[in-house]
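Visitor: Hi, could you walk me through this one? I'm new to reading structures, so please take it step by step.

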Amino acid sequence: MSKRKEIILTLVVLPTLILTIFYLPSEVKNALILYPNDQRFWSFLTSNYVHLELSHLASNLVGYLISQLFILSLEDGRKRFLLMLFVGLVAAPIAASLWFIQIVGSTQLSLPALGFSTSVYCFVGYSCFVI
């Protein structure tokens, strides 16, 4: 993947996808959210891209964009960059959802798991590694 494609993917496509999900109808967003008492297999991943409040969305996007700008300016290993994207966008969110179900599900609370924070923290951590 060329540097230009990496920039377009990380700084344009992914934020656009997250913004699009934010503006979906409530019924659609609720189907994407992971609830401990109503677990759908896709929601272990999709809930990490759903935001219900604009402030939550904005803080996640700002953190994500700052971390990606930092990573893109320093990372020169393409395979490592793609691995970091996979871990941050797929593996870490699924792992966090599984952890969430184990912790919150055991308390009988019906709190939803949602937001892009897991990915943001993953990328912030990786940006420390890139230094």
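This is a predicted model: local features need pLDDT of at least 70, side-chain atom pairs count only at pLDDT 80 or more; totals for chains, interfaces and linings use all residues.

Visitor: How are the rings of Phe41 and Trp42 placed?

Guide: Their centres are 5.3 Å apart and their planes stand at 80°, and because that angle is over 60 degrees, the pair is called edge-to-face.

Visitor: How many aromatic pairs are there?

Guide: The count comes to six aromatic pairs. One of them joins Tyr49 and Phe116, whose ring centres lie 5.5 Å apart with planes at 45°, so that pair is tilted.

Visitor: Where in the chain do Tyr49 and Phe116 sit?

Guide: Tyr49 is in the loop between helix H3 (43-46) and H4, while Phe116 is in the loop between H5 and helix H6 (117-130), so the pair links distant parts of the chain, 67 residues apart. Tyr49, at 10% relative accessibility, counts as buried, and Phe116 is buried with a relative accessible area of 1%.

Visitor: Which residues do ring pairs link into a cluster?

Guide: The cluster is made of Tyr49, Tyr64, Phe116 and Phe123.

Visitor: Switching to helices, how do H4 and H5 pack?

Guide: In general, two packed helices are described by the angle between their axes and the distance between the axes. Here, helix H4 (residues 54-74) and helix H5 (residues 78-105) pack at an angle of about 160°, and their axes are 11 Å apart. Because that angle is over 145 degrees, H4 is roughly antiparallel to H5, and the crossing of the two is right-handed.

Visitor: Which residues make that contact between H4 and H5?

Guide: On the H4 side there are Gln68, Ile71 and Leu72, and on the H5 side Phe81, Met84 and Leu85. Sorted by class, the contact of H4 with H5 has five nonpolar residues, one polar and no charged ones.

Visitor: And at what angle do H1 and H5 cross?

Guide: Their axes cross at roughly 15° and come within 11 Å, which means that H1 is roughly parallel to H5, and this crossing is left-handed.

Visitor: What residues meet there, between H1 and H5?

Guide: Lys3, Glu6, Leu9, Thr10 and Leu14 in H1 meet Arg78, Phe81, Leu85 and Leu89 in H5. By class, the contact of H1 with H5 has five nonpolar, one polar and three charged residues.

Visitor: Last one, is Ser47 buried or exposed?

Guide: Ser47 lies in the loop between H3 and H4, and at 1% relative accessibility Ser47 counts as buried, because that value is under 20%. Leaving aside its neighbours within four places in sequence, Ser47 is in contact with Leu32, Ile33, Leu34, Ser97, Ala113, Leu114 and Gly115.

Conventions
Residues are numbered from 1 along each chain as its sequence is written. Side-chain values use heavy atoms; hydrogens and water are left out. Axes are lines fitted to C-alpha atoms, for helices over the stretch in contact, and angles run from 0 to 180 degrees between N-to-C directions. Helices (H or I, at least four residues) and strands (E, at least two) are DSSP runs, numbered from the N terminus. Angles under 35 degrees count as roughly parallel, over 145 as roughly antiparallel, 65 to 115 as roughly perpendicular and the rest as oblique. A crossing is left-handed if the near helix is turned anticlockwise from the far one by less than a right angle, and right-handed if clockwise. Contact means heavy atoms within 4.5 Å. Ala, Val, Leu, Ile, Met, Phe, Trp, Tyr, Cys and Pro count as nonpolar, Asp, Glu, Lys and Arg as charged, and the others, Gly among them, as polar. Rings of Phe, Tyr and Trp (its six-membered ring) pair if their centres lie within 6.5 Å; planes under 30 degrees apart count as stacked, over 60 as edge-to-face and the rest as tilted. Buried means under 20% relative accessible area, exposed over 50%, partly exposed in between (1.4 Å probe, protein chains only).
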